[in-house]
Amino acid sequence: MQTLISKDSTTIAYDKTGQGPALILVAGAFSYRKFPGQVQLAKLLSKQFTVYNYDRRGRGDSSDTQPYTVEREYEDLQAIIDAAGGSACVYGLSSGAVLALQAAASGASITKLALHEPPFVVDGADPKPPENFVHHVNELIRANQRAETIKYFMTKGMGAPSFVVSLMRMMPGVWSNLMAVAHTLPYDAALLDGFMAGKALPASLWSNVAMPTLVLEGTESPASLRHAAQALASVLPNARLQSKKGLGHTKKLQAKLIAKELGSFFLGNK
C-alpha cells in the first residue's frame, strides 16, 4: 500500500502494480481497492499496465475529511493521476464511472476514458429512485442507520429485490464489508444527483470530454443501465459503445472479459 495527500489534506491509499501505461481504476458504490472483483481486475490489467487501484475517500485505508463535496473526489482522482506521472488512462465502474466522467469534465489529465454502466436513469419509463432519494440516504447515515441505508440504497436506488439484501445479511464476510463503507453511500448519491429522474442527458454538459472514450454495457443488464450507457455514448464527442454479454455489473464482475476490452481499447489507436 502507498498513500498520497489530496488537495484538502485527505490521505488517499492505493496499490500500484504492473508495468506499462498508467491506468487508474475508480470503484463504484460499496466497492474499494480490496474488493475481490477489483483485486482480480487489477491483477489481470497489471500484465499490460501500471495499475493504480485506490480507495475512494472514506473507504478502506483512505481518510475522510469533512465536509464532503463531489469536487473533492475529482481532486482525489487528479492526485492519483499526478502520482502516476501527470496523465493516465482511467476506468470507472458504476458511480465510479460518473466520478471519472465528471473529473474529466473538470479538467483532469485523462488520456483515455472507459465508463462502465454509469447508473443514470435517462428514460421516463425506467424505474427511478424516489425524488428525495439523496436526502433520505443522508438522513439515514446521520442517524447512523448503516444497515437501513444499505437496504434503502440497494432497493430504492439500485432496484435490487429486498430478498437480495436479506441474503447478504446472512453472509458475514459480505455484510461486514458493506457495513464498513455504508457511510460513503451519500457520496455516491451526490454524484448521481440530478441524473436519476428519467430525463435525457444534457449534451452540452460534457462537450469538453473529448478524449477517446469507451462506454461499456452488458447485453444482460437491466434496461435502465443499457439506456444510460447508450445515451451517454451518443452525447460524448469522441465515444463509442461496446455492448457485449458478460459486461453487466449487477452480479459478479467478469474480470477477464472486462480486462480484455480495456486492454484492447487503451492500447489501441483509438
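**Entry 1, the helix pair.** I kept in mind that this is a predicted model. I looked up helix 5 (residues 146-157) and helix 6 (residues 162-169), and found that their axes come within 9 Å and cross at roughly 145°, the crossing being right-handed. On the helix 5 side I noted Ala147, Lys151, Met154 and Thr155, which meet Ser162, Val165, Met168 and Arg169 of helix 6. Sorting the residues of this contact, I wrote down 4 nonpolar, 2 polar and 2 charged.

I looked up Asp188 and Arg59, whose side chains meet in a salt bridge with 3.0 Å from N to O. Asp188 belongs to helix 8 and Arg59 to the loop between strand 4 and helix 2, so this pair ties together parts that are 129 residues apart in sequence. Both Asp188 and Arg59 are buried.

I then turned to Glu75 and Arg72, which form a salt bridge at 2.8 Å, N to O. The two residues are 3 apart in helix 2, and therefore about one helical turn separates them. Glu75 counts as buried because its relative accessibility is 18%, under the 20% cut-off, whereas Arg72, at 23%, is partly exposed.

Lastly I checked Glu217 and Arg226, whose closest N and O atoms are 2.8 Å apart in a salt bridge. Glu217 is buried at 0% relative accessible area, while Arg226 is partly exposed at 23%.

How values were computed: Residues are numbered from 1 along each chain as its sequence is written. This is a predicted model: local features need pLDDT of at least 70, side-chain atom pairs count only at pLDDT 80 or more; totals for chains, interfaces and linings use all residues. Side-chain values use heavy atoms; hydrogens and water are left out. Axes are lines fitted to C-alpha atoms, for helices over the stretch in contact, and angles run from 0 to 180 degrees between N-to-C directions. Helices (H or I, at least four residues) and strands (E, at least two) are DSSP runs, numbered from the N terminus. A crossing is left-handed if the near helix is turned anticlockwise from the far one by less than a right angle, and right-handed if clockwise. Contact means heavy atoms within 4.5 Å. Ala, Val, Leu, Ile, Met, Phe, Trp, Tyr, Cys and Pro count as nonpolar, Asp, Glu, Lys and Arg as charged, and the others, Gly among them, as polar. A salt bridge is a side-chain nitrogen of Lys or Arg within 4 Å of a carboxyl oxygen of Asp or Glu. Buried means under 20% relative accessible area, exposed over 50%, partly exposed in between (1.4 Å probe, protein chains only).
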